[in-house]
Each structure stands twice: as structure tokens, then as C-alpha cells.
Amino acid sequence: MPGSLFHILEHKEAPLMRPHVEVIQQADLIQHDAEFPRADGGAWQRNLSYDEEIGAASIRVHLEPGWKRPMGYHHAITEWYVLDGGIEIDGREYGRGTYWRAPIGMVVPEIRSAKGADLLVYREAGDYGFTVADRGLDDAEDDWTCMNGDGMEWLPVAKEGPAPGLFIKMLHQHPVTRAYSRLIWAAPGWVDHRLAHHPCSEEAYTLSGSMVYNFGDLYEGVYFYRPAWVKHGHFVSGEPSGCTWLIRSDGELTNLYTGHNEVIREEEALNYDPTSQRPVLAGIPVRSRSMGEWSLDGQ
Ligand SMILES: [Fe+2]
């Protein structure tokens with residue numbers, strides 16, 4: 001039964017508790033107190049995508065100057081990306097473009113932010129729990145990843161599928177699940193008129209530039225979380241700088257393409273006015289107010 005919930009369940013890689021969010025502007029969202037137990041100082045967060053069953057989330061965080069948290073470990077796979085400002089990890093300064101990742105249970109050093117910072121924070125497979133502990137990274141059995149994306153070189157996407165003009169900086173890819181976090185730049189003028197879908201979920205936060213596609217306009221601060229098997233495309237990258245995102249997936253991403261695409265909807269209005277009282281389609285993604293209505297392009 002393609003297209004039904006049963007179809008999605010058959011392809012059960014999709015974490016069903018994360019709603020399809022496409023698209024929201026982070027500035028439209030309310031601020032919550034940040035979920036940073038054992039930390040000192042002001043911090044707030046906007047929830048971009050939240051799994052209310054296991055506590056996994058993608059959030060945009062602001063740290064007030066003077067925020068700090070002692071050495072300890074997260075109860076979720078945790079990733080941070082510094083959008084602006086700076087943080088100190090174990091006394092060393094890291095600025096805009098810094099990315100770090102720690103597996104569950106890895107003890108990370110004390111983190112401070114003397115001047116404040118804006119961050120993207122990702123949690124997978126766990127909630128916001130944090131336990132203070134005093135073993136250092138030297139004792140860690142898994143890999144600690146820390147790098148600055150701004151200092152890396154853009155590499156052309158060599159994989160078959162997307163139209164040429166996409167460039168990548170790989171931040172992290174899991175050796176077993178193939179889940180990745182990477183920066184992608186679509187050069188100005190890049191177009192791909194096809195619709196794509198894939199067996200893994202995909203989420204992206206727009207860092208700079210612009211892009212028009214079937215779900216609307218992407219520009220700085222616009223975010224989507226797209227479950228597996230959802231079609232998306234009709235991409236036209238903006239001038240003059242193209243579009244740059246931090247993109248994550250929960251598995252190996254192989255694009256499947258749809259050419260001609262038409263959804264035919266037929267129904268009979270038995271006791272209502274079909275022009276003013278027609279039922280809406282189910283499955284419309286979550287959108288925030290400044291993104292407007294979806295035209296249903298690509299449905
Ligand atoms: Fe995709």
C-alpha cells in the first residue's frame with residue numbers, strides 16, 4: 001500500500017515521533033529555558049525538532065556571557081555547531097564554525113562561554129541528561145570529534161545522483177549506521193528540477209544564502225526535518241552566493257528520483273460547499289508563521 005502509514009512502517013528506519021517539519025524560521029519559535037542540567041548561567045533554546053518519546057532533539061541555543069558547565073557526560077549522542085560567538089573547551093577557545101561530537105557516555109571537558117554564543121545542538125538516541133564526572137577525554141574509548149568547518153575545503157559531491165554544483169564538508173559519518181553531519185554548499189545557479197526521496201531522514205539548518213524549492217524558500221535560520229521517503233526537490237539555488245546548510249541524516253543517503261509528478265484528488269462533497277468547506281489533505285508538514293502556506297508543489 002504505497003503512500004500509506006503501513007508503507008512507512010514497512011520502512012521502519014524513520015523515527016516516527018519526529019514530526020515532518022518543513023519549513024520553519026527559527027526566529028518564529030518561542031524560547032524555552034535551555035535543557036542544560038548542571039550548568040551555570042543563562043541559556044535558552046528554540047526546539048526545531050523534538051522526539052517526545054526518547055528526548056532526541058535538534059535545537060537552536062543561545063548561551064549568555066559567562067555560561068559554564070563542568071566536565072561530564074551526556075545521555076545522548078551530542079553534537080554542537082557554533083553559529084556565532086565562541087566557547088572554551090578545556091580552556092581552549094573555539095569560534096564560529098566549530099563542530100564537536102561526543103558519543104553517549106563520553107566524558108567531555110568543562111565548557112564555558114565568556115562572551116556568549118549561538119549554537120545548533122543535536123541529541124540522538126537519548127535525552128538532555130548530563131552527569132558530572134571527572135574522567136577526561138584521554139580515557140574515552142570512542143572517538144571525540146572536534147573541528148572547524150570554516151577552515152575546511154569544499155569538495156565537489158562525487159556521488160552519482162545530484163546535479164553538479166554541490167559541495168561538501170564532512171563533519172562526521174558513523175562507520176556503521178552511515179548517519180552523517182555535513183556542511184553542504186549549493187553553488188549559485190545550481191538547479192535540480194527532479195523530485196528526490198531516500199530511505200533515511202534528513203534535516204537541515206540554512207546557514208547562509210538562499211534556495212527556492214518545492215516546500216518554499218530557504219534562507220538564514222530556516223530549518224526542516226524530513227522523515228524518510230518524503231519527496232522534495234525542484235531546487236533553484238539563489239544568487240549571488242548560493243545556499244549553505246548544516247545537513248544531517250540518520251543513514252546512508254541514496255537519492256531515488258521522480259520525474260513527472262501529478263497527484264489526482266477526487267472526492268464528492270455530500271453535504272458541504274467544496275469551495276469553502278473542502279477538507280484539507282492530511283500529512284501537511286509543520287510550518288512556522290513567516291514561511292506561509294505550502295503550495296503543495298511536490299505533494
Ligand atoms: Fe534529500
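Predicted model: local features only at pLDDT ≥ 70, side-chain atom pairs only at ≥ 80, totals over all residues.
Visitor: How many residues of strand E20 are buried?
Guide: A residue counts as buried with 20 or more other C-beta atoms within 10 Å of its own, exposed with 12 or fewer, and partly exposed in between; the C-beta atoms are placed from the backbone. Strand E20 covers residues 202-213 and is largely enclosed by the rest of the structure, because the number of its residues that are buried is 9 of the 12.

Visitor: Which residue is the bridge partner of Val 212 in E23?
Guide: Glu 203 faces Tyr 225 in E22, and Ala 204 faces Ile 247 in E24. Strand E23 (residues 232-237) is also antiparallel to E20, with 2 bridges. There, the partner of Val 212 is Val 236.

Visitor: Is Trp 245 buried or exposed?
Guide: Trp 245 belongs to strand E24 (residues 243-249). Beyond residues up to four places away in sequence, Trp 245 touches Ile 184, Ala 204, Tyr 205, Thr 206 and Leu 207, where contact means C-beta atoms, placed from the backbone, within 7 Å. With 22 other C-beta atoms within 10 Å, Trp 245 is buried.

Visitor: What distance separates the C-alpha atoms of Val 222 and Thr 275?
Guide: Val 222 lies in strand E22 (residues 222-226) and is buried, with 26 other C-beta atoms within 10 Å. Leaving aside neighbours within four places in sequence, the contacts of Val 222 are Val 23, Gln 25 and Thr 206. Thr 275 is 53 residues away along the chain from Val 222, and their C-alpha separation is 32 Å.

Visitor: Which strands stand at the edges of the 7-strand open sheet?
Guide: The order of this sheet is E2-E3-E4-E13-E7-E10-E15, with antiparallel pairing. Inside the sheet, E7 (residues 77-85) and E13 (residues 117-124) share 8 bridges, and Trp 80 stands opposite Val 121 in E13. Two strands have a single partner strand each, so one side of each is left without a neighbour in the sheet: E2 (32-33) and E15 (145-148).

Visitor: How many nonpolar residues has the side of domain 1 that touches domain 2?
Guide: An automatic or database domain assignment gives the bounds of domain 1 (27-150) and domain 2 (155-259). Their centres, taken over C-alpha atoms, are 24 Å apart, and 13 residues of domain 1 are in contact with 12 residues of domain 2. Strands E3 (43-50), E7, E10 (98-102), E13 and E15 each supply at least two residues of that side of domain 1. Counting Ala, Val, Leu, Ile, Met, Phe, Trp, Tyr, Cys and Pro as nonpolar, Asp, Glu, Lys and Arg as charged, and the others, Gly among them, as polar, this side has 4 polar and 2 charged residues, and its number of nonpolar residues is 7.

Visitor: How many residues has the largest nonpolar core?
Guide: Such a core is a set of buried Ala, Val, Leu, Ile, Met, Phe, Trp, Tyr and Cys residues joined through C-beta atoms within 7 Å. Tyr 81, Val 82, Leu 119, Leu 120 and Tyr 223 have the most contacts inside the largest one, whose number of residues is 53.

Technical notes. Residues numbered from 1 in each chain as written. Helix = DSSP H or I, 4+ residues; strand = E, 2+ residues; numbered from the N terminus. Contact = placed C-beta atoms within 7 Å. Pairing = 2+ DSSP bridges.
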